[in-house]
Amino acid sequence: MENMILSRLNVLGHPGRMAVFRLLMRRLPDAVPAGEIGRALDIKPSTLSVYLSALSTAGLVGQRRMSTSLLYSARPQAAGEIVDFLFNDCCRGRPETCASFAVPRQEGLPDMSDRKYNVLFICTGNSARSVFAETILRREAEDRFNVYSAGTRPHSELNPFALQVLRAKGHDTSGLRAKHISEFTGPDAPQMDFVFTVCDQAANEDCPAWEGQPISAHWGMPDPVRATGSQAQKSLAFQQAYGALRNRILAFAALPLAGLDRLSLQRAVDDIASQHQEETT
């Protein structure tokens, strides 16, 4: 075990290999084509192949073939084994010595008796998918959640097709606007309990760690803004994105959040993405 852990630490000690592993961790539960990884990180195919081979050999990354492409996914249990080894071997299992290792894995969310859960949905443009998610959760469970959305590179205006769908579903759109994630990272910003990325491009970006270690998950789905064809076909793409997000959000809102520890919560929000993946493919 020690040799395996040392090998993994050596592999992750290279900034390029670490960047690949971090991207794949952010994209869980997705399996990502090598080409997309290379484009997101601006890594040449030959170099990326070397990085992926080293990560796979160390057991940090798994791969599977789909048609003629190889898809790669992170193995989070491998990262967990590194943390467990450092905690149990180096820290001798003493939580007072390595509290930063032990506490997040054992505790659930902070006490919510005096406030609501804060939830942030992120996509690149913050013009459709993240706005759908924000609006749906606010209507379905506003008594339990403060809901926000933002973009890594937000558009100046919300997509008109997205607004049309929301209004047709009876949502109030008067207070909606596109926002940059920087609005939620300052000292006066609310501390998030949950952060969800709903587009692959936003998940591919190396955003700074959020204060308070919120539960995070990737609920990626195709961008309806990129739909082509007739007006009816474009409208259908937005309807499908709304429906897929609503199914995930209803499953999330139904979770017994106060009764789950942190590890169970993380597994539950990851499972929601896996269980509803067929809706977006």
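A: Start with one contact. The side chains of His-171 and Tyr-242 are joined by a polar contact of 2.7 Å. Keep in mind that this is a predicted model.

Q: Where in the chain is His-171?
A: Look for the loop between helix 8 (160–168) and strand 6. His-171 is placed there.

Q: Is His-171 buried or exposed?
A: A residue is called buried when its relative accessible area is under 20%. His-171 has 7%, so it is buried.

Q: With which residues is His-171 in contact, leaving aside its neighbours within four places in sequence?
A: They are Thr-135, Ile-136, Arg-139, Leu-166 and Tyr-242. Tyr-242 is also the partner in the 2.7 Å polar contact.

Q: How much can I trust the model?
A: Check the pLDDT. Its mean over the protein is 88, and 88% of the residues reach 70 or more. One stretch needs care: residues 101–106 have a pLDDT below 50. In the model, that stretch has 14 contacts beyond near neighbours in sequence.

Q: How many helices and strands does the protein have?
A: There are eleven helices and seven strands.

Q: How do strands make a sheet?
A: They pair through backbone hydrogen bonds, either parallel or antiparallel. Here, four strands form an open sheet in the order 5-4-6-7, with parallel pairing.

Q: Why is one side of strand 5 and of strand 7 left without a neighbour in the sheet?
A: Strand 5 (145–151) and strand 7 (215–218) are at the edges. From one strand to the next, the twist averages 15°.

Q: What packs on this sheet?
A: Helix 11 (residues 262–275) does. It touches strand 6 and strand 7, and its direction makes about 20° with that of strand 7.

Q: How many bridges link strand 4 and strand 6?
A: Four. Strand 4 (residues 117–123) and strand 6 (residues 194–197) pair in the parallel sense. To find a facing pair, take Phe-121: it stands opposite Phe-196 in strand 6.

Q: What does the antiparallel sheet look like?
A: It is an open sheet of three strands, in the order 1-3-2. Strand 1 (32–33) and strand 2 (61–66) are the edge strands, each pairing on one side only. Strand 2 pairs with strand 3 (residues 69–74) over six bridges, in the antiparallel sense. Val-61 has Ala-74 of strand 3 as its bridge partner. Arg-65 stands opposite Leu-70, also in strand 3.

Q: Which helix lies across these strands?
A: Helix 2 (residues 15–26) lies across strand 1, strand 2 and strand 3. It runs at about 85° to strand 3.

Q: What should I look for in the backbone angles?
A: Look for exceptions. Most residues other than glycine have a negative phi, and most peptide bonds are trans. Ser-67 is an exception in phi: its value is positive, about 60°, although it is not a glycine. Ser-67 belongs to the hairpin of strand 2 and strand 3, which has two residues between the strands. At 65% relative accessibility, Ser-67 counts as exposed.

Q: What is the phi of Asp-42?
A: It is positive, about 55°, and Asp-42 is not a glycine either. Asp-42 is in the loop between helix 3 and helix 4 (45–57). Its relative accessibility is 72%, so it counts as exposed.

Q: Where is there a cis peptide bond?
A: Between Leu-28 and Pro-29, with omega about 5°. Pro-29 is in the loop between helix 2 and strand 1.

Q: How do I read a residue's surroundings? Take Glu-36 in helix 3 (residues 34–41).
A: Set aside its neighbours within four places in sequence. Glu-36 is then in contact with Arg-27, Asp-200 and Asn-204. The side chains of Glu-36 and Arg-27 also make a polar contact of 2.7 Å. Next, compare sequence with space. Glu-36 and Leu-71 are 35 residues apart in sequence, and 9.8 Å apart in space, C-alpha to C-alpha.

Q: What share of the protein's 281 residues count as buried?
A: 44%. The protein exposes about 14300 Å², and carbon and sulfur atoms supply 50% of that.

How values were computed. Residues numbered from 1 in each chain as written. Predicted model: local features only at pLDDT ≥ 70, side-chain atom pairs only at ≥ 80, totals over all residues. Heavy atoms only, no water. Pairing = 2+ DSSP bridges. Contact = heavy atoms within 4.5 Å. Axes fitted to C-alpha atoms, helices over the stretch in contact; angles between N-to-C directions. Buried < 20%, exposed > 50% of the residue type's maximum accessible area, 1.4 Å probe, protein only. Areas by Shrake-Rupley, 256 points an atom, 1.4 Å probe, with all protein chains shown as cover. Polar contact = N/O pair within 3.5 Å; in protein donor to acceptor, adjacent residues only side chain to side chain. pLDDT = per-residue confidence, 0-100.
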